[in-house]
Structures are given as structure tokens and as C-alpha cells.
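Hi there,

Here is the structure I promised to pass on to you.

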Amino acid sequence: MAVTIDDLVTPLASDGSEVRGDLIAIAGYLGLTIPQSPSEPGYQLVDMMGRWGTRLWNSRAIPAIRAQFGRFASGDWATLLWRSRGVDKNLATFGSVPVRLENRGGTFQDVSAPGAVQLAYNGKTYTSAGPAPGSTGTLGIWPGGATNYPTTILTMQADEVGSASNVPPNAFAGYPATPASAPPGVYVGDGIFAADTVTHGALVASNGETDVALLARGRAAQALASPMPVLLKFYAVALSTFLPGSPPTPVATSRVRVIPGAATADVYLATPSGPSPGDTSTPGTDVYEIDVRLQLFCGAPGLTIRTHPAALLNVNAGTLTLYVTASSGVTVAAATATAQAALDDWQSKLPIGGMRKVANGIGYVFAAEVGKIAQSQLQASASWARGQTYLPGATVTANGSAYYTATGGISATTGAGPSGTVPPPDGTITWIYQGPGASGYVQAPGVFDVAMSFVDTAVAAYQVAVIAYTIVVVIVDQGT
Amino acid sequence: MALSDFIDSIAPPWAKAASRVHWWSMFRLAGVLIDVLIEGVYQGRKAGMPNAVDLPGIEAYGGFEDVRSLDYIGEDLGVLHGLTESPPDYAYRLRHAASPGIGWQAGGLVTGVLEQLAGILGPTPPLMRVFQLQGGDWWTRNQDGSYVHQRHTGDGRRYNLDGTTTPDATVAVLVDWDSATVPPPADQGQAGRWGIVIYAPLNTPYGTTDDGTFDDPGIVGDLWNDPTTQGPDPGPWAGTVGTNAPICLVDLVRSVVAQRSMVGFACCYVVIAFDPDSFNPDGSSSGAYPTDGTWGHHTKFVAFANTRIPARLGTAEYWPAAPGGRAP
């Protein structure tokens, strides 16, 4: 066999040694003997060719080849792969919400232009995008006395993408707090002179779909071609549902379980953090909107589809004691944060009904798995970026592989990031190769054992487990 | 022509002079490196295309020989790979993953289930039938790929390979699987239940015969033949009771059925028939049919004899279609 699929998706050693060795051997066949001495010019030339050839292969060819397979594609390549199959990645969104403003001043104000008003909340800013439907964006003169203030409603949009800019309902500060930027006399408020209030909905944004979620949705989407409601079609329809709005946002639901019966299908839904919100009677909620689409696209004559939020099962895993070697240099805070990140990520993907060892058997939260994850480190799905500051313990994906840095630093301002199994320094960062792919769990540095009293906990088929735990870290000097 | 050879072919004579030939060899070496890089990209692109072919005059498997790439593609398209299915056959099914004939556009239909089963049981798919546990509709997929739909009402038809149809007036057997079964199965009387009959050999060399004698390890090395061995959770290639099919083949058949059948209409049994004459929809088989409602369990109680006897036809094995088995 010539080249294997493994050859095509596995990066070469980034120091070019593999290519260099092959070139020296081929040179021999061409009648050219190259001494294996770094001081020899011929060796240096071949070494140079090996390095640039490896860099070219690892940074350009491999990501493009890996992009053809769902299990290997990551980042933008994964987005392109699934888009070519009709499945668009849910991107991070800018949250927006209509907010009523009032004019307490004696001057007519026209705030209809985008950017006329800017609000602030929790360190983030929000800029007006124009009047909300039905509003003019103009504020009349307040006549004074006990008259209510003139009001108008503007659509306020977050300046920063993602859930970091989320704002709870009624959280923007009203009078006397002044907006971050607005004409004099203009405040957030409902305009009620006697007892002013601030009333607005929640501003909610999405962080965008992870590669793992996109992979699952993309594979399930193959069943959308099915004219009949096969199992995968339920998953595909549910996970591709959007909530109405401007713009529409994908549902928070990320976990689906279908329990078929006699001419029935009970569909249970959960988000990464627990049962999906809403019910089949409340428009605009996950459960409602998903049920709408399931009835429409999976509702065969004679088949009864019932959509439910998964039932919550609170599981207390108790104290998980991590043992860390002192020589690793890992701090209590770092070990705790690493374990929490891994456990929270893992349980956000735990299937409804738990895990089972016997097909169609009872599902569990298995203690052994909790213990394993507590000792693990989550591989990041975030792509490497130039000139980026990375904290100690950060993980990135680059050139089809995952990397970890113990000390952090600032990445180089040029290039394509770390590649291969022994990547050279990247700016001020030393990356450690973790493996191929962009997600999963690897052994956390320094951790060598975990102790806990938690035991296997049964989960009913319609339940979603939410696991509480406490991390305790014990650092042990192995030399004493 | 490889780039390195091309470089050599265009080299001016002075470049190949004895005092400079080592530089020219370096150029050729650079050409080799570029050749390999480009070839790698070329092979990589082919790896992503399920075009594996094996025809005279065409490079084996379309030029990319590592057919494991097909399984990676199959993961994404939801097409399972049979144990003995040849790479070209699997590649064909991958290319038609969404087709209305054999792919997802037939999902939930009789043909959608049977065509995928035929695929994973290739290269020589067995004769297969779909029947209702309470009803008289029978579908048969012949080994040549044609279909016959026979009904108790006598208005069935044959779907010929040339696209034509021929009326079939056969009065098909009216199945009553378990209406009189005692104790009643949990799903007794539920509408929409169906089953599959697959005639042995299933997938040569697997599913060709029974599981042999107690001390016969068979083709898959049945652990149950050795009572002194406490195996771990059985590996996928461990044996099963009743046939010489390994666990992985049973799971593969069940997975295809679960994947391609319609939710809410349950496939209850996969019947492995060792008698090619059994279960003929026209009622001509000499063996028993599931018509007396007592096939809900393997045995039935005979009151006057105060004993239990086999309830079902003894020349077949009955796999529960759901992983983990059905309720007794």
C-alpha cells in the first residue's frame, strides 16, 4: 500500500527531522551522499528543505485533507465541510433587546439614528440600532410638572458578540444613572413621573456552536432527507430549530432523547445546563418551537409525538479530592479550575438517561467516569490566534492538533501556530502537544489520583442529570 | 513525469558537470520534496471521495488504496459498513447515501430498511421478507434486488428490476403472532409491530448454521461453550446462541433496522430462517406459521399434557430486534 489515511491526517514532526531523514535517503539514490553532520552545508540545505516542507505540509495540506472527514475537521474547516452538506454552523450572535428611553429634558430629541444612544452594563456596552418596530425614535419635549416623560423604544445591540454581553431583564440602569452616551435629558426608563420603572426583556446571545455540536448535528442532518420520521430525523429537526426573533437564535437545547412506543414518540429535551426551557403551550420557548417543527416534519399519520423537557435529576457527587504532585508546579487554584472545566464540560454533554453498559439497560452516572474526568483536562476547541495572550493552562487547536501551555505567554504575530508533536516556541509560549483533534479529555498535568465516596447513580430514561460536586486539591511532595 | 525527473531532463550540460552535479542533485531533491507534497495533497483529496473502484483499466480503488477512509466518510453520512462488504460496494452505497432508492430518501420505508440490510449483508445478500405481527402484508426482497408485495387481500404486485410491475393475486398468510400468548407479552395487541425474516446464509461465513454442539467453539469461539472461562463483557466477535453469527453481526443488523425504520412502528423480531422453504407468504410452507397467536414466547403451555412445548417453528432462530432483548 502506498500512502495511508493515517499518513495524510497526522502532522509530521515539526522540526523537519522526518522529512530530512527521507531526503537524505533519497539523495543517496540520486548519487548524492549527504553526511549526517549539522556542520555540513549539504546537511544544512536538506535540513532547511525538511523544515519548510514540513511546515507547508502541516499548516496547509493536513488541515485541508482532514477537513474532508467529520472526525478530523475543526474550526473553519469543519464549518466549510458541513456547510457543503447543507448544515450551517450556528455562529456567535450579538444580543439585542428593545429598551424604552425617556426624555426628562426640555428639548426635542431625535435618537433614531443608529449609535445615537449607548448603554453600559457589567463592563459591556450596547449601542442603539435604531427604533424598534412601531416606534419613531423621537422624544418630544417634556412639559414639566407631574406629566409623564415622553418615551420611545430603541433596539439596543451588544457591542461584543456572545453570551458575555448577556443582560438580565430590567437590568439597564434608569434615572438618575446616565447612559454611557446619549443626548442630555435622555435616560432609560418607562416615562412614569410618579414612580418610574425600567422594563425590558433579557438580552441573550449565543457563543456559537462548538465543533463537537456541529459534528453531531451535521451527521444527524443526513436523515433529513428521509420522508418518514426515522430516529435521526428527530434529532436533526430538534437541534436545527431556531427561536423566533430578530435575528432568530438557535435553541439552547443540545441534548435530545427519543423514546419510541406503540405509534408514539416521546421526545425529551435538555440544554447543556439542564432541562430545556418552556413547554408545548408557550411560544418562543425551546420546547414549544421544537415541538412545532417535530409535528411538522416528523408527524406521520397515526404517529403521536409528545415533546417534553427532560426531568431534572440532581446528583450530588460530593467531595472529589485530587492528589497533585508538588514537582508539577500545578497550584491548587489551577488544578481546581482545570477539574471544574472538565467536569462541567463533560456533564453538559451527558446523554439524557445517563450512560449505560448494557444496550437498552438502565442508565447511570458512573462514579468511575466522574473520577476519570475530575483527573482530566479539557482540550480546547478554540483555534490558535496570532499575537494572543494565553494564560497558564490554556489549550488551543492549530494545524489539526491540540496543544497546552503550562506557563502561558503571547503567541507569535506571524505564522500558523504550533504544529507537529514537538512544536517550536511560539512567541513567548511553549506549547505541549496533546493529540489530534479539537476536543476531548486528556490527563491533567500533575494529577495522579482522585478520592471520592460517590457511587453509581441510576438515571431514568427521561431524566437529565445535573451533577454538583466540591473539588479539594491536595499537593503532595513525592520526595518525602 | 515526476518533477525531479523533469528537472533532470531540462538541465543544461554545464549543470551536470562533475564539479557541479552535486548542486544539480540538490535541485532534484527539492523537486522530490515538491512532488511528494503535491502527491500527498492529491491523495488526500482522493481519500475524501468515496470513489473506490476495482475495474479493469482503472487504478485499484480509484488510486487511493487505504479504504479505511470510506469508514470515516460513512460515519458522516450515516451509512454502516458490512462485515464482509467489499470496499467498492460500500463506496457505491456512500455515493448514494441520500438516494431515494437505497439511501436516506427511503428512510422509514420498507425498501429503505431492506436495501441497507442488503448492503451490510453483501456481497451476496440473502432473501429477506418483512411481515406484520398482526396482519397480512408481506414484502419480499429477492436476492436479485426485485421486490414482491403480497397481501391477504390478494391485490399485491411484483416490482420488477426493469421498473415494471406485475399484479400478484397471492392471498398472503394472515399473521397473528401473539394474541393468544399466555402470559401476554407487554406489547401484545399493539398495532404497527413488524418483523423481518432473513434466510440463511446471512453473511457467509457468519450466520450460515447454528451454533454447533456444546463443546464446539464454532467459527466465532463461543465463550458459552467453555464453562470454566469467565469472560469479560463479551467482545464484538464473541459468539451468540442459536447461530454462528458473532455479536457484532447481530448488532449491525439491529442497528440498521433501528436507524432506518420509522419511529413508533417497532420491529420486534429478526427471524433467521434455516429452512429456505419456511415462511412463504403464500402459505405453501410445510412448517408452522405464526397464525395461532401463541408465538409471543419461545414455548407455550399445553394444558391437557401439563407441559410446555416449542411455540415457534424450530428451524428458525428469533432475535429480538431491540438491543438488550424484548420483554419476555
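A:Arg219 and B:Glu75 form a salt bridge, with their closest N and O atoms 3.2 Å apart. The term stands for a side-chain nitrogen of Lys or Arg within 4 Å of a carboxyl oxygen of Asp or Glu. Another pair is B:Asp76 with A:Arg85, where the closest N and O atoms are 3.7 Å apart. B:Asp76 lies in helix H3 (residues 68-77) of chain B and A:Arg85 in the loop between helix H4 (75-83) and strand E1 (96-103) of chain A, so this pair joins two chains. Helices (H or I, at least four residues) and strands (E, at least two) are DSSP runs, numbered from the N terminus.

A word on how to read all this: the model is predicted, so local features need pLDDT of at least 70 and side-chain atom pairs count only at pLDDT 80 or more, while totals for chains, interfaces and linings use all residues. Residues are numbered from 1 along each chain as its sequence is written, chains are lettered from A and ligands numbered from 1 in the order in which they are written, and side-chain values use heavy atoms, leaving out hydrogens and water.

Now the interface as a whole. Chain A brings 55 residues to the contact and chain B brings 45, where contact means heavy atoms within 4.5 Å. About 4100 Å² is buried between chain A and chain B, and carbon and sulfur atoms give 72% of that. Buried area is the accessible area (1.4 Å probe) that two parts lose on being put together, summed over both. In chain A, the residues that lose the most area to chain B are A:Ile5, A:Leu30 and A:Gln68, together 13% of what that side buries.

Which helix gives the most to the side of chain A that touches chain B? H3(A) does, with ten residues. By class, that side of chain A has 41 nonpolar, ten polar and four charged residues. Here Ala, Val, Leu, Ile, Met, Phe, Trp, Tyr, Cys and Pro count as nonpolar, Asp, Glu, Lys and Arg as charged, and the others, Gly among them, as polar.

H3(A) also gives the most to a nonpolar patch, with three residues. The patch on the surface is formed by A:Met48, A:Trp52, A:Leu56, B:Ile34 and B:Ile38, with about 470 Å² of accessible area together. Such a patch joins nonpolar side chains (Val, Leu, Ile, Met, Phe, Trp, Tyr) within 5 Å, from residues with over 30% relative accessible area and no salt bridge. Accessible areas come from the Shrake-Rupley method with a 1.4 Å probe, and for residues only the protein chains shown count as cover.

Finally, some backbone details to look up. A cis peptide bond joins A:Tyr175 and A:Pro176, with omega about 15 degrees. A:Pro176 lies in the loop between strand E6 (151-158) and strand E7 (186-188) of chain A. In chain B, the peptide bond from B:Thr204 to B:Pro205 is cis, with omega near 10 degrees.

Happy exploring!

Note on methods. Patch = residues over 30% accessible without salt bridge, like charges linked within 9 Å, V, L, I, M, F, W, Y side chains within 5 Å.
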